[in-house]
Amino acid sequence: MQVLLAENIRKYRREKKLTQEQLAEVMGVTVGAVSKWESGVSLR
């Protein structure tokens, strides 16, 4: 389940042509959080 969610986050971010930095800013989180989500390390 975590892998699928991580893949979807990355897929939809790229479809919207957003960098991890831009997504982090929009969501009010750190770039590190987005990176962890996309790698499947942390999905909370």
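Q: Why is Glu38 called buried?
A: In this predicted model, Glu38 has a relative accessible area of 5%. Buried means under 20%, so Glu38 is classed as buried.

Q: What makes Glu38 and Arg13 a salt bridge?
A: The N to O distance between the two side chains is 2.4 Å. The criterion is a side-chain nitrogen of Lys or Arg within 4 Å of a carboxyl oxygen of Asp or Glu, and therefore the pair qualifies. The partners come from distant parts of the chain: Glu38 belongs to helix α3 and Arg13 to helix α1, 25 residues apart. In general terms, side chains of opposite charge can pair when their charged atoms come close.

Q: How do you know whether Arg13 is buried or exposed?
A: The relative accessibility of Arg13 is 10%. Because buried means under 20%, Arg13 counts as buried. Arg13 lies in helix α1, which covers residues 2–15. Not counting residues up to four places away in sequence, Arg13 touches Leu18, Thr19, Gln20, Leu23 and Glu38.

Q: What makes Glu38 and Arg10 a salt bridge?
A: The closest N and O atoms of Glu38 and Arg10 are 4.0 Å apart. The cut-off is within 4 Å, and the pair is counted as a salt bridge. This pair also links distant parts of the chain, with Glu38 in helix α3 (residues 31–39) and Arg10 in helix α1, 28 residues apart.

Q: Why does Arg10 count as partly exposed?
A: Arg10 has 24% relative accessibility. Buried means under 20% and exposed means over 50%; the value for Arg10 lies in between, so Arg10 is partly exposed.

Q: How many salt bridges does a search of the whole structure find, and what joins Arg10, Arg13 and Glu38 into one network?
A: The search finds two salt bridges. Glu38 pairs with Arg13 and also with Arg10. Salt bridges that share partners join these three residues into one network.

Q: Which residues make up the largest nonpolar core, and what makes a set of residues such a core?
A: The core consists of Ile9, Leu23, Ala24, Val34 and Trp37, five residues in all.

Q: Why is Val31 called partly exposed?
A: Val31 has a relative accessible area of 33%. Because exposed means over 50% and buried under 20%, Val31 is partly exposed. Val31 lies in helix α3.

Q: How do you know which residues Val31 is in contact with?
A: Contact requires heavy atoms within 4.5 Å. Leaving aside neighbours within four places in sequence, Val31 is in contact with Gln20, Glu21 and Ala24. Val31 and Glu21 are ten residues apart in sequence, and their C-alpha atoms are 5.4 Å apart in space.

Q: What is the secondary structure of the protein, and how many of its residues are buried, as a percentage?
A: The protein has three helices and zero strands, and its elements run α-α-α from the N terminus on. Buried residues make up 20% of the 44 residues. The protein exposes about 3,500 Å², of which carbon and sulfur atoms supply 56%.

Technical notes. Residues numbered from 1 in each chain as written. Predicted model: local features only at pLDDT ≥ 70, side-chain atom pairs only at ≥ 80, totals over all residues. Heavy atoms only, no water. Helix = DSSP H or I, 4+ residues; strand = E, 2+ residues; numbered from the N terminus. Buried < 20%, exposed > 50% of the residue type's maximum accessible area, 1.4 Å probe, protein only. Areas by Shrake-Rupley, 256 points an atom, 1.4 Å probe, with all protein chains shown as cover. Core = buried A, V, L, I, M, F, W, Y, C linked by side-chain atoms within 4.5 Å.
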